[in-house]
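I opened my notebook to record a two-chain model. What can I look up in it, step by step?

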Amino acid sequence: MSAEVVFYLLAAFAVVSALLCITQRNVLASALWLVSTMFSLAAIYVLLQAQFLAAIQVLVYAGAVMVLFVFVIMLLNVGRSASDIRGLPVRVIALLVGVGLLVQLFLLSRVTPGSLAGGVGIPAGAGSPLDAFPAGQAGADAPALQGVVGAIAEPLFRDYLVPFEITSILLLAAAVGAVVLAKRRL
Amino acid sequence: MLLGPSLLLSAVLFTIGVVGVLVRRNAIVLFMCVELMLNAVNLTFIAFSQVLGLGGQVMVFFVMTVAAAEAAVGLAIILAIFRHTRSVDLKNINLLQG
C-alpha cells in the first residue's frame, strides 16, 4: 500500500471518529471517540515525517489530557444524562456556519507560494516548494543528519529557548491554578 | 508530500470542532471540541513543517503544552461550577445572564 492510501484510510477514520465524538449522547463515548481521532492523527504525523510529535501526541494528548477528561467525567458522574444537543434552529445555524467555514478554509488551502507570486506579477515559480524555501530543505535533511529528536531539539533549544522557559512558568501556574480552583476550601 | 490532503483534513476536523461547540451544551464536550480544533491546527503546522522547516514542529510542541494547561485549568473550573450548580449543562450556568 502506498502512503497515499494509508493516509486516506487514516483521514477517513479520523473524520468519522470526530463526527461520532460530537454526535454521541454519552459523554464518555464522546471522549473515547476523541481518543480514536487523536490516535489516527498520531499515525498521520508519522506519515508526515514527524515521528517524535506522533509519540508526544499519543503520550500527552491521547494519554494524559484524555485521562484527565475521563477522570472528570467519571468523578462528576455525568456519563448517562439527558441529551444535551441543542434544538433544530441551532443545528441548522451550526450547519450553515460549518459549511461556510469549510469553504473558506478549503479556498485558503488552495493558496500556494506560486499562486501568490503570480498575483503580484512575478511568474509562478516552477518546481518543488523545497527549492523556494531553503529552510524547508534544511528541515527535510535535518532528521537524516541529527536523528528525529535532535532535529526538533536544535531549533527548540536555540531559537525558541525563551518561549520554552516561559512554557515551564505557564505549566506551573496552571498546576497551582487547577489545585486552587478544584479545592473545596484552602 | 501529502500537503494538500493534510490541509483539507485539517479544515474538516476544525469545522467539526466548531460545529460541535455550537450544537452541544455539555461543558465537558465543549472542551473536547476545543481540543479537536487544536489538533486540527497541529496537523496544519506539521504539514507545513515539511515545506517550511522544523519551526512548525516546535510550534506544535508549544500548542500541546498550552492545551494541556488549558485542559487542567478548564476542568478544574468545570469541577467548581458542578459543585455550585450540580450540573455541567450550559443552560444551568446562567448567573451572568442578567
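**Ground rules**

I am working with a predicted model, where local features need pLDDT of at least 70, side-chain atom pairs count only at pLDDT 80 or more, and totals for chains, interfaces and linings use all residues. Residues are numbered from 1 along each chain as its sequence is written, and chains are lettered from A and ligands numbered from 1 in the order in which they are written.

**Chain A**

I looked up the secondary structure first. Chain A has 9 helices and 0 strands. Helices here are DSSP runs of H or I with at least four residues, strands are runs of E with at least two, and both are numbered from the N terminus. Along the sequence I read the pattern α-α-α-α-α-α-α-α-α.

Next I looked up burial. Of the 186 residues of chain A, 22% count as buried. A residue is buried if 20 or more other C-beta atoms lie within 10 Å of its own, exposed if 12 or fewer, and partly exposed in between, with C-beta atoms placed from the backbone.

Then I looked at contacts. Two residues are in contact if their C-beta atoms, placed from the backbone, lie within 7 Å. Among the contacts in chain A with a separation of 6 or more, 42% join residues 24 or more positions apart.

**Helix H2 of chain A**

I checked the length of this helix. H2(A) covers residues 27-47, which is 21 residues, and should span 30 Å at 1.5 Å a residue. The expected span is 1.5 Å times one less than the number of residues. The end C-alpha atoms of H2(A) are 31 Å apart, which agrees.

What follows H2(A)? Gln49(A) does, and its phi is positive, near 65 degrees. I note that Gln49(A) is a residue other than glycine. Gln49(A) sits in the loop between H2 and H3 of chain A. It has 18 C-beta neighbours inside 10 Å, so I count Gln49(A) as partly exposed.

**Where the chains touch**

Ala, Val, Leu, Ile, Met, Phe, Trp, Tyr, Cys and Pro count as nonpolar, Asp, Glu, Lys and Arg as charged, and the others, Gly among them, as polar.

**Two helix pairs**

I looked up the H2 pair. H2(A) and H2(B) pack at an angle of about 5 degrees, with their axes 11 Å apart. That makes H2(A) roughly parallel to H2(B). Axes are lines fitted to C-alpha atoms, for helices over the stretch in contact, and angles run from 0 to 180 degrees between N-to-C directions. Angles under 35 degrees count as roughly parallel, over 145 as roughly antiparallel, 65 to 115 as roughly perpendicular and the rest as oblique. The residues of this contact divide into 13 nonpolar, 3 polar and 1 charged.

H3(A) and H3(B) pack at about 5 degrees, with axes 11 Å apart. These two helices are therefore roughly parallel to each other. By class, their contact has 19 nonpolar, 1 polar and no charged residues.

**The largest nonpolar core**

A nonpolar core is a set of buried Ala, Val, Leu, Ile, Met, Phe, Trp, Tyr and Cys residues joined through C-beta atoms within 7 Å. The largest one has 69 residues, and Leu34(A), Tyr45(A) and Leu13(B) are among those that touch the most other members. H2(B) gives the most to this core, with 16 residues.

**Single residues**

I followed Tyr45(A). Leaving aside neighbours within four places in sequence, Tyr45(A) contacts Ala50(A), Leu53(A), Ala54(A), Gln57(A) and Ile46(B).

I followed Leu68(A), which is in H3 of chain A. Is Leu68(A) buried or partly exposed? With 18 other C-beta atoms within 10 Å, Leu68(A) is partly exposed. Beyond four places in sequence, its contacts are Ala71(B), Ala72(B) and Leu75(B).

Last, I looked at Arg86(B), in the segment after H3 of chain B. Its phi is positive, near 60 degrees. Arg86(B) has 9 C-beta neighbours inside 10 Å, so it counts as exposed.
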